[in-house]
Amino acid sequence: MKLPITVSHASPAANAVVLIAVVAGGAALYWLRDILTPLAMALFLMIMVDGVKRAIERRTPVPSRFAGAAALIVVVLGFLLSIWIIVDGAAGFFTDASGVAGSIGPRIDQISRDVSTLAGVNDPPTLHDMVAGIDLRGWLTAAAFQVQGAATGAFFVMIYLGFLLASQAGFRKKIVGMFPERGPRQEALEVFERVRGGVEGYLWVQAVTGAMICVVAWGLMRAVGLQNAEFWTFVIFIVGFIPVLGGAVAGCAPPLFALVQFESYWPALILFVGLQVLLFLVGNLVQPRMQGDNQNIDPIVVLLALAFWGKLWGVAGMFLSTPLAVMAMAILAEFKGSRWIAVLLSGDGEPYAVKRGRSGSDENAAPKRSVWGRSFWLGLFRGRDVPPHP
């Protein structure tokens with residue numbers, strides 16, 4: 001096992017200061033969420049840009065000098081296209097052209113009557129009764145502000161991303177200035193590689209498993225005749241990056257709208273059972289085998305991170321909750337005073353990925369480096385503008 005950095009034991013006063021600093025940091029994250037959320041998304045996209053760039057260099061004939069521009073175009077267009085598809089699809093789903101808007105009221109009344117009959121209720125509530133006590137104008141106003149906030153946030157994400165990409169060259173010299181000695185600089189490099197490898201591994205696993213789910217889910221929705229099957233397929237892929245909550249949305253949203261579209265309950269039942277079985281198989285058989293050591297995080301930590309970052313930063317925080325937990329575990333494991341926190345965050349009590357031999361003993365105590373992140377950080381630290389090693 002790789003030994004953590006030795007740090008002197010802290011006194012109770014120092015622990016109190018750390019606790020106060022954590023609380024103050026959490027409050028600052030909440031108060032500055034309008035600024036920090038687009039910055040965090042921009043960092044997330046920058047990691048994706050570099051990963052796509054190296055994939056293009058390895059697997060396509062595109063020249064290396066053009067791979068970065070191609071990766072940037074792919075990621076930015078994908079990000080903006082995702083926002084446009086979600087907003088446009090959600091706005092146009094209840095239009096008269098979809099055929100759902102005109103039947104949603106009578107269909108809900110029919111469902112209410114059927115459920116009330118099964119429950120033995122003689123006077124079932126209608127849709128008008130259900131929404132009588134709801135401030136629809138307030139809901140619509142809040143939804144409009146959410147759409148406006150998403151568009152504004154996307155604009156600032158692009159601004160931050162441009163400045164982050166432009167500052168990469170200067171960051172190389174800053175790292176050398178922060179770690180003038182060769183040993184600490186190499187150790188920092190390993191931490192960066194581990195963080196980057198964990199984030200890129202998470203993205204890769206979620207993207208591949210999400211694509212698997214989407215292919216089967218699209219076929220299932222087309223088989224029962226669900227309208228806007230392509231829109232729901234895209235929604236399932238996007239929400240797949242939100243742990244726990246994403247699976248619930250993917251497995252329940254299409255069947256609920258199938259209840260509104262069809263007069264029979266069988267299409268909704270088929271969709272519900274089929275999606276639940278699909279999500280169970282992928283989540284319990286395929287995904288754990290693909291994750292390996294990339295996401296060695298305790299499931300309860302994933303749930304708490306989802307609730308914590310969702311409370312602080314809303315939907316963007318939910319998307320970033322697992323990558324941020326991976327980063328926190330990798331960084332906390334580097335210091336003796338905080339390594340116990342990383343042990344609690346890990347899934348098996350070992351924050352570092354350790355290779356096991358046939359006898360079960362540790363073959364290599366060094367952390368497992370990610371192939372995804374190695375080329376970037378080596379290039380970052382060995383650029384032409386980096387001073388010679390001391």
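Axes here are lines fitted to C-alpha atoms, for helices over the stretch in contact, and the angles between N-to-C directions run from 0 to 180 degrees. The structure is a predicted model, in which local features need pLDDT of at least 70, side-chain atom pairs count only at pLDDT 80 or more, and totals for chains, interfaces and linings use all residues. Residues are numbered from 1 along each chain as its sequence is written, and side-chain values use heavy atoms, with hydrogens and water left out.

**View 1. Crossing of helices α2 and α8.** Helices (H or I, at least four residues) and strands (E, at least two) are DSSP runs, numbered from the N terminus. The axes of α2 (residues 33-59) and α8 (residues 182-224) come within 11 Å and cross at roughly 80°. This makes α2 roughly perpendicular to α8; angles of 65 to 115 degrees count as roughly perpendicular, under 35 as roughly parallel, over 145 as roughly antiparallel and the rest as oblique. From α2, the residues F44, M46, I47, M48, D50, G51 and R54 meet R196, V199, E200 and L203 of α8, where contact means heavy atoms within 4.5 Å. The residues of this contact divide into 6 nonpolar, 1 polar and 4 charged. Ala, Val, Leu, Ile, Met, Phe, Trp, Tyr, Cys and Pro count as nonpolar, Asp, Glu, Lys and Arg as charged, and the others, Gly among them, as polar.

**View 2. Salt-bridge network of D50, R54 and E200.** These three residues are linked in a network of salt bridges, each bridge being a side-chain nitrogen of Lys or Arg within 4 Å of a carboxyl oxygen of Asp or Glu. R54 pairs with D50 at 2.9 Å, N to O. R54 and D50 are 4 residues apart in helix α2, so about one helical turn separates them. R54 also forms a salt bridge with E200, with the closest N and O atoms 2.8 Å apart. This second pair links distant parts of the chain, R54 in α2 and E200 in α8, 146 residues apart. Relative accessibility is 4% for R54, which counts as buried, and 2% for E200, also buried. D50 is buried as well, with a relative accessible area of 10%. Buried means under 20% relative accessible area, exposed over 50%, and partly exposed in between (1.4 Å probe, protein chains only).

**View 3. Salt bridge between R222 and E230.** The closest N and O atoms of R222 and E230 are 3.8 Å apart. R222 is partly exposed, with a relative accessible area of 48%, and E230 is partly exposed at 46%. A search of the whole structure finds 4 salt bridges.

View 4. N228 is placed in the loop between α8 and α9 (229-239), and V244 in the loop between α9 and α10 (245-261). N228 counts as partly exposed at 33% relative accessibility, whereas V244 counts as exposed at 54%.

**View 5. Surroundings of A342.** A342 lies in helix α13 (residues 339-345) and is buried, with a relative accessible area of 0%. Leaving aside neighbours within four places in sequence, A342 is in contact with M329, L332, A333 and P351. A342 and A330 are 12 residues apart in sequence and 7.3 Å apart in space, C-alpha to C-alpha.
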